[in-house]
Each structure stands twice: as structure tokens, then as C-alpha cells.
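Please walk through the model shown here, beginning with the ligand and its surroundings and then turning to the domains.

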Amino acid sequence: ILVGGGAFYYVTQQDVHPGDQLPSDPSKPTLVVLGSGWGATSFLKNLDTEEFNVVVVSPRNYFLFSPLLPSVTVGTLEPRSIIQPTRFITRHKKRKVSVYEAEAREVDPIKKTVTFRDQTDIRGEAGSVTIPYDYLVYAVGCENQTFGIEGVTKYGCFLKELSDADKIRTRLMDCIETAAFKDQPDEEVDRLMHMVVVGGGPTGVEYAGELHDFLIDDLRKWYPEVADRLRITLIEALPNVLPAFSKQLIQYTESQFKENRIDVLTRTMVKDVKERSVVVQDANKEIREIPYGLLVWATGNTSRQITKNLLAKLPETQTQKRGIVVDDYLSMLGAEGVYAIGDCTATQYAPTAQVASQQGAFLAQMFGKLGQKAKLQRQLADLRASSSDPVELEAVVKKLNRVAKLTPFHYSHQGSLAYIGSEKAIADLPFFNGNVASGGGAAMLFWRSAYISTLYSVRNRTLVMTDWLKVKLFGRDVSR
Ligand code: NAD
């Protein structure tokens, strides 16, 4: 794996020494990229920056490898093992890229400007800035869906950002320590040791699996007095968990959860969230309260405010509430020069990392062609000015025609994977014209190697593998 990783690293680094980067050039168009998630990072990785002045704006100055985030909540992986600074990619680009840790507040598709605000805690003099763009790659992702239930944000934990994983870990250890406190009443121990996960999508399922491992592998050793009081409940509104996976894998996951004593409440919808309990409605429309110590909310995503505002500015062309409508080339309808990728779009594809990263790579290729086109046009103008020979002119014209040809975006599904606990994973993989569904230890090995090879850098691969080894040898760290 290391040799493969090394080769990957060598090939993907475009080998421009940071000191040798071209400076920004006012004669080139400005390309603003909003975001540093799967879509934006894949775009930046694959982009040839020579023909553009690239500006990246994102509230976090790093890329987070989100599929491994559930592992951080219980300490299987260290937080820094799954992040990579955005500058790690941009500092090797041909032309200098400006990276700002800032939150984009507004996009004006008519004036073609973006306004963004300093995101750091220490605010400098320049708090908010508006810059013009020629091209905008809009990859801001989305935010957690709460269905307007106020208690979710107040008392629950999400599982989207690195800070969420940290919050979950702290709350989890708080619950356990408080449950183990001297003379804690029995009923209170039961509440504190009840971990409730809302949402049976891959996020909720993977978290429940990690929590189970933590209980079996570590809690029993370190907190024998309360460990066996720990209960995990997964609440899902639909008739089954993991609706995007095949029936066989859904059954496998549910039976595995049963074996691991994870309670799965299907056809049960959370209606309200209180400080110490959730209010649910079951299939018989009966309402009841379930006390909890830790609540993890994983019910999917919704558009960010900036996206809602942008959609409202183009009511005639942007008619989908769920996100930005793009054409086959990922160009936003009604907004000249704006391209949208990833979870902020409303397409036929599921909002997954795989889709976002393929869209990013596709768009980078398109911008590569735009850059080539600009170069060839300059070459053609020079040739014409020097009245060069027609054969040479013809060759450049041919090249220009070839570059101008674009093919629409095509998504190629590589399969779905999810970790379900106890060293088992599920894998739904396309195979020729059918599907191969696999669950268990072999799928777990596949899950591990697939994620290791998808991690963007040798540094991350080494850190993740070291963390796995550390947990095998010494167990997880239970300190807060
Ligand atoms: P999701 O949208 O896939 O699942 C959310 C679940 O919550 C749904 O099944 C929904 O029925 C349920 N739900 C909603 N409101 C509820 C309520 N009030 N009470 C009870 N249940 C409720 O969300 P996710 O798991 O965060 O995934 C988001 C996207 O990211 C998906 O497209 C998913 O495929 C992708 N993803 C994939 C992986 C993977 O492949 N391993 C991992 C994480 C996320």
C-alpha cells in the first residue's frame, strides 16, 4: 500500500515547487472556488491553474475525509489523521492560488461578485470583502436538516464537521463519567448510558457501529461498573435502515445490529427533542418519550442560507428548493460563469462524496480545455499577425476545434460501502451489469483498503494506518 501510495503521491503532485509558482496575472480571468469539501478539493487537485487567477474561499482551511468521521467520535482515529490543509494542494499549482479562510456570505450572479467574511476568531481590520469573478465554482455543500425542531441544535450533536466528532466524544465521555459518579440513581444511570442515534442512513448506521465497538473493546475494560448499562438505539422513520443499499445488505445490517444489541426502531419518527428525552411517534401513531444521555442527529441535509439566497435571485430558472439546477456541463442555469458541484446541487444523483468528487474532476477538465482554448487563440492571433504559413495556421485551428468539443458529465457509480461495527462492513458494488453485495469481514478489508486508497495524501494514509494499529495494540484512549 505504501509503495502504491508513494506512486500516487508522485503522480498527483504537479511538481511545481512553491517558490516557482507563476504570480497572479491581471490579464487572466479570475476563477473563484467556494468550498473545500469533496467537490472543491477534487476540482482543485485536477485543475491546471496556468490560465486563471484562482481564489479559494472556505470557512475551513482544510479538506475533511468525511467517510472516516464516525471513527473519530470514539477515538478509533485521531482528528488530524483525516484532514489535509487546502494549501497542501494549491501550493504546488503552476500559478499561485489565493486561499482565504472565510465564509462566503453572498453571491451576486448579475454583478458577478462574491462577498466573504473573515472566519478566524481574531478579526483583523478587513472583516468583509467583495471581489469580482469571471468564473465561479460553487461547491459549498449543505447543512444539517433539523426540520425546524429547535431542540436538535440545542441538545443534540450532528456528525458533519470535525468539531461535531469532538463534541460527540466529549459528551459521550461526560455521560459515562457522570453515570459512574458515586451514588448516581439507577434511573439516571440508565438515561445517561442510553445513546440515541436519529436517522438510519449511512451516517447513523456507521456511528452506531463505532459506538458498539467502543463499548465492547474498551468501555468494559475501563468502566466495568457501568459499561453493560450502555444501550444504543437507532431511530429511523422509514420501514428499514440504509434505503440506498440492497435488500440483502439491509437485512444483514439489521441482523448484525440485533446480534450487537443495537435497538433499531423503524417506522418511528422523532417529533421533538427535549434536553433529556426525544419525543417519538411510532407506526401506530402513538407518541412516547425516550430518555437519552447522548443524542446524535443524522437525518440528512438541506440547502445552506447562501444557496437559498442565490436561488431566490434567479426565480425563473432556479425552481428547485432542494438545490442548484445545473445543465449537463454543471453550469448553473440562469447564472453566467457559475458552475455548481456536490451536495448544493439538485441533480438525479444522491448527495455523496463520490458524485461530488467526480463532478469536481470533470469540471477541472473542462476548465483545462478553456485554458487550452485561450492559449491556442493567442497563438492563432500571433500567427495571423505575423502572416505565418497557412499549414501552421490550419493546424492551430484544428486543435482549437478539438478543444472546443465538450462531452457532458457522466457519473460512474463505483459502489457503496459502510462500516457496521464488530470488524464488519457492507459493500454494494456494481459488477458488469449486475451488483455484488457483500457483508462481513472480507467487506471490512475492502472498506479499509478502499478508504486508504481514496485518502488524498501519503501523510493521511500513514496516519490512519498508524491509528488503526495503535487501537489494535493499546485500545482507544478514554480520557477526554
Ligand atoms: P440520509 O439522508 O442518507 O439518511 C437520513 C435518514 O434519516 C433517512 O433514512 C430518513 O428517513 C431518516 N429521518 C429523517 N428524519 C427523521 C426523523 N425525524 N426521525 C427518524 N428518522 C428520520 O443521511 P446521511 O446518512 O447523513 O447521508 C447523507 C448522504 O451522504 C447520503 O446520500 C448518503 O448516501 C451519503 N453518505 C454515504 C456514506 C457511505 O456510503 N458510507 C456515509 C455517509 C453519508
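This is a predicted model: local features need pLDDT of at least 70, side-chain atom pairs count only at pLDDT 80 or more; totals for chains, interfaces and linings use all residues.

The ligand is surrounded by 27 residues. Gly199, Gly201, Pro202, Thr203 and Gly300 are the closest of these. By residue class, the shell around the ligand holds 16 nonpolar residues, ten polar ones and one charged one.

The next point is how the shell relates to the domains. The chain is divided into domain 1, which covers 2–142 + 303–366, and domain 2, which covers 150–301 + 414–474. Each of these two domains gives at least three residues to the shell around the ligand.

The domains can also be described relative to each other. Taken over C-alpha atoms, the centres of domain 1 and domain 2 are separated by 29 Å. Contacts join 29 residues of domain 1 to 26 residues of domain 2. On the side of domain 1 that touches domain 2, helix H1 (2–12), strand E3 (62–64), helix H3 (69–72) and strand E4 (83–85) each supply at least two residues. H3 gives the most to this side, with four residues. The residues on this side of domain 1 comprise 18 nonpolar, nine polar and two charged.

Key
Residues are numbered from 1 along each chain as its sequence is written. A residue is near a molecule or strand if its C-beta atom, placed from the backbone, lies within 6 Å of it. Ala, Val, Leu, Ile, Met, Phe, Trp, Tyr, Cys and Pro count as nonpolar, Asp, Glu, Lys and Arg as charged, and the others, Gly among them, as polar. Domain bounds come from an automatic or database domain assignment. Two residues are in contact if their C-beta atoms, placed from the backbone, lie within 7 Å.
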